[in-house]
Amino acid sequence: MLRIVLSLCMIIIASSARAEIDIKEVTSPGGINAWVVEEPSIPFIALEIRFRGSASLDLPGKRGATNLMTGLLEEGAGDMSAQEFQTAREALAASFGFRAFDDTLSISAQFLTENKTEALALLRQALVEPRFDQDALDRVRAQVLSGIARDAKNPNDIAGAAFDAAAFGDHPYGSSIDGTVESVTALTRDDMFEAHRNALTRDRVFVSVVGDITAEAVGEMLDDLLGALPDEGPPLPGDVAFGLEGGVTVIDYDTPQSVALFGHAGLKRDDPDFFAAYVMNQVLGAGGFESRLMTEVREKRGLTYGIRSFLVPKFHAEMVFGSVASANATIAEAIEVTRTEWARMANEGVTPAELSMAKTYLTGEYPLRFDGNAEIAKIMVGMQMIGLPPEYVVNRNDYIDAVTLEDVNRVASELLQPEDLHFIVVGKPEGLESTQ
Amino acid sequence: MKRLLAGLAMIFAAHTATAEEVTTYTLDNGMEVVVIEDHRAPVVVHMLWYKVGSADEPVGASGVAHFLEHLLFKATDVLESGEFSATVARNGGNDNAFTSYDYTAYFQRIAADRLELMMQMESNRMNNLQMTPEDIATERNVVLEERNQRTENSPNALAREQFIAALYQNHRYGVPIIGWKHEMEQLDLDDTQAFYDLYYAPNNAVLVVAGDVVPDDVLALAEKYYGVIPAEDQLPERIRPQEPPQRAERRITYVDPRVSQPFLIRNYLAPERDPGAQDEAAALVYLAELLGGSSFTSDLGQALQFDTQTAIYTNASYSGSSLDTTAFSFAVVPAEGVTLSAAEAAMDQVIADFITSDIDAARMESIRTQLRASQIYALDDVSGIARRYGAALTQSLTVEDVQAWPDILQTVTPEDIKAVAAKVLNRDQSVTGWVVSSEEEAM
């Protein structure tokens with residue numbers, strides 16, 4: 001029995017903009033949930049599907065299997081070869097995107113109202129009847145291996161790989177989802193079927209739909225689209241502590257501009273202090289030109305084109321993370337200023353004016369995100385994955401506004417630990433050496 | 001208000017669900033105004049486009065257009081340095097800017113009821129920037145770091161710079177937008193001030209406002225803030241050195257140890273979309289799709305990635321959005337064990353076969369369908385529509401040209417494509433570039 005569990009017309013009110021979206025929550029007869037926004041003004045539909053787990057489910061010795069499998073979902077299904085599948089998709093003018101991430105397998109589809117039945121039937125075949133033909137496997141494997149070789153010579157990727165390995169070790173977060181030359185070379189068709197069986201399961205699926213379709217119609221199509229998938233997947237990995245201590249690691253690489261990644265342990269998305277930390281980071285380094293890091297490192301000193309800091313609450317680990325790039329001669333100064341700002345924020349916190357500015361930006365900017373079918377669908381599926389209710393879109397700005405100066409400054413002193421910051425630097429930095 | 005109405009040109013696109021709603025005006029000082037309505041969300045995109053880009057720079061001052069773009073976020077007579085962006089942020093909006101060969105554009109995305117504040121600030125910095133030597137010194141380092149990040153740290157970007165410099169023998173498109181490093185290092189206040197004084201004027205600008213707005217309200221605000229700024233009477237006619245007939249193909253090998261995988265690029269000079277003359281450009285869009293649009297269904301993809309394992313990646317691309325002569329481009333990344341010369345020969349065989357074969361009717365129809373659908377999908381992104389109009393209007397096209405383009409694309413025939421292929425795919429007007437990590441890979 002198709003149920004529409006909830007229909008809320010929500011008005012997101014900021015100091016300025018009001019965004020109105022009507023999220024309908026629907027459950028298919030087979031028990032698959034989706035969030036739907038009916039938006040008939042443009043004759044197309046945006047569909048976002050997520051599966052929790054993804055590359056974190058790679059089996060021992062099979063690193064890269066989920067990523068390669070995901071790349072093969074568009075390479076033939078049912079009785080269609082890769083070229084036949086793509087010819088059919090192009091004739092419908094539908095777009096399907098398949099991407100694997102650390103914890104999330106993402107499927108983004110857009111298709112026209114006029115041929116939505118055919119487009120969904122084609123997408124269904126990709127999801128539930130992939131072929132993993134040997135020639136397609138070999139072709140996509142060569143592309144993945146080329147990417148692995150490219151990353152090995154790209155300063156940003158070299159730094160990222162070193163950072164992940166040092167921070168997360170043997171946990172799946174510690175290595176690239178692409179796998180290694182050895183692991184990817186060894187993957188077989190059977191590995192692809194197994195990765196598919198493990199990663200695309202109904203117990204970990206999240207769906208959102210925005211566009212020219214009714215919630216009722218979405219409920220009816222969900223079982224067709226996803227009902228044939230297995231009920232359950234294998235266990236997810238456990239949590240991992242951030243394992244990198246304070247210091248500097250220099251990786252010698254002959255390139256004119258050094259790239260630095262930095263970070264230390266962070267806090268969870270459902271931590272009661274998350275919003276205080278979020279507002280704090282807006283002042284520290286998330287903001288555009290106004291953040292302290294941008295002001296000090298770029299605007300005042302001209303040391304970089306861009307510097308940012310992020311809260312990174314992943315499913316199994318949390319960190320505060322940042323990146324900056326500067327010429328080999330000046331990266332040491334950029335890092336010094338970054339450390340100083342980290343300490344200043346930890347010790348002094350933010351000013352009332354900075355807090356007010358950050359809040360008005362964050363609450364004003366939030367409704368601006370809801371400005372297209374594809375954007376709204378992505379936001380909604382992301383909310384489902386981290387367990388937020390539809391009402392969150394209404395309440396979110398209240399959470400920001402409720403943050404006090406005392407909260408921010410207490411969290412800044414607890415969260416930011418300048419002596420714990422570790423910088424991984426790739427390049428030929430002058431006046432900078434690895435610690436120990 | 002009467003004199004306004006005299007200069008008013010309103011063009012409504014057809015009121016179907018597959019076209020944007022556009023209204024245009026021209027202010028008395030020559031400034032063009034384009035209003036695009038989308039009432040789905042209470043958001044507005046305010047964009048000011050100047051008809052000046054890196055290809056308009058004086059000789060020896062490459063990068064000045066982009067450098068000046070950075071400096072527009074510094075102090076004016078009433079705004080402190082950084083106050084522009086801080087004010088946008090305080091009002092819950094985002095702002096930025098970008099520079100290309102043909103245009104420099106500034107934009108804010110913000111709640112629709114803050115449009116007037118955006119116009120007030122944007123119009124202020126059209127004429128009232130107060131550049132200081134200190135700002136110049138600091139921001140010059142920022143743009144040099146930007147060049148480091150985008151270009152110096154990227155062997156592919158450095159290679160591309162070499163190839164484009166060779167493709168254009170006379171036109172400024174051969175000079176990188178961000179500038180040559182040795183000239184960027186010498187840019188000073190005189191360079192930026194002269195460029196600003198000459199080119200930043202209402203008669204050299206296009207205002208594009210898109211989102212939850214009413215055209216008459218936008219016009220009234222535009223009159224109030226931009227309409228009072230006098231036109232620049234010294235504004236030069238936009239004449240750039242054009243390409244001579246090119247008589248010999250050029251070949252370049254770029255060697256950089258940071259290259260992970262050898263690949264090759266072929267760029268041909270190609271005609272751009274021109275006012276009232278977009279037919280060849282439309283045919284080139286199909287040509288790119290047929291030869292190398294999709295790795296599964298294009299001629300290059302089928303021949304080099306499916307029928308044989310010659311390449312792991314193939315592509316053909318073309319964009320007609322350019323004021324002057326643009327490029328039609330191929331890229332091939334050979335498979336393991338395949339030399340660049342073998343990959344290039346295979347690519348050239350595909351091109352030769354295309355010239356002598358008939359075009360498959362089903363593929364034509366599929367591309368036609370996809371182009372038609374792309375118009376529908378594009379309606380979901382009002383900022384994208386605003387960019388499309390802004391770019392076109394600063395690259396000499398009219399609103400009529402922009403709105404005719406989808407229909408022109410639908411009427412392209414196989415004969416049009418064969419004719420434009422024969423004209424454009426002429427090696428005498430091309431540069432072939434190999435990108436390798438060592439000389440041995442170029443053997």
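Against which strands and helices do the buried residues of H2(B) pack?

Analyst: This is a predicted model, in which local features need pLDDT of at least 70 and side-chain atom pairs count only at pLDDT 80 or more, while totals for chains, interfaces and linings use all residues. Residues are numbered from 1 along each chain as its sequence is written, and chains are lettered from A and ligands numbered from 1 in the order in which they are written.

The buried residues of H2(B) pack against strand E5 (94–99), strand E6 (104–111), H5 and helix H8 (189–199) of chain B. Helices (H or I, at least four residues) and strands (E, at least two) are DSSP runs numbered from the N terminus. A residue is buried if 20 or more other C-beta atoms lie within 10 Å of its own, exposed if 12 or fewer, and partly exposed in between, with C-beta atoms placed from the backbone. Packing rests on contacts, and two residues are in contact if their C-beta atoms, placed from the backbone, lie within 7 Å.

Helix H2 of chain B covers residues 64–71, and six of its eight residues are buried, so the rest of the structure largely encloses this helix. The residues concerned are Val64(B), Ala65(B), His66(B), Phe67(B), Leu68(B) and Leu71(B).

One partner of H2(B), helix H5 of chain B, leads towards the other chain. The buried residues of H5(B) pack against E11, H10 and E13 of chain A, together with H2, helix H6 (155–167) and helix H7 (181–184) of chain B. Among the buried residues of H5(B) are Asp135(B), Glu139(B), Val142(B), Leu144(B) and Arg147(B). Thr138(B) also lies in helix H5 (residues 133–152) of chain B, but Thr138(B) counts as partly exposed because it has 18 C-beta neighbours inside 10 Å. Apart from its neighbours within four places in sequence, Thr138(B) is in contact with Arg301(A) and Gly302(A).

The contact between the two chains takes 56 residues from chain A and 51 residues from chain B. On the side of chain A that touches chain B, the elements that each supply at least two residues include strand E2 (18–27), helix H4 (134–151), strand E13 (318–327) and helix H12 (352–368). H12(A) gives the largest share of that side, seven residues.

Two of the chain A elements packed against by H5(B), E11 and E13, belong to a sheet. Five strands of chain A form this open sheet in the order E10-E14-E11-E13-E12, with mixed pairing. Strand E10 (247–252) and strand E12 (307–313) of chain A stand at the edges with a single partner strand each, so one side of each has no neighbour in the sheet. From one strand to the next, the twist averages 15°. Two strands pair if DSSP finds at least two bridges between them. E10(A) and strand E14 (residues 422–427) of chain A run parallel and are joined by six bridges; Thr249(A) has Ile424(A) as its bridge partner in E14(A).

Helices also lie across this sheet. Helix H9 (residues 274–286) of chain A lies across E12 and E13 of chain A, at about 160° to E12(A). Helix H11 (residues 331–348) of chain A lies across strand E11 (257–265), E13 and E14 of chain A, at about 145° to E13(A). These angles run from 0 to 180 degrees between N-to-C directions, and axes are lines fitted to C-alpha atoms, for helices over the stretch in contact.

The secondary structure of chain B comes to 16 helices and 12 strands. Buried residues make up 51% of the 443 residues in chain B. Of the contacts in chain B between residues at least 6 apart in sequence, 78% join residues at least 24 apart. Along its principal axes, the C-alpha trace of chain B spans about 65 × 50 × 40 Å.
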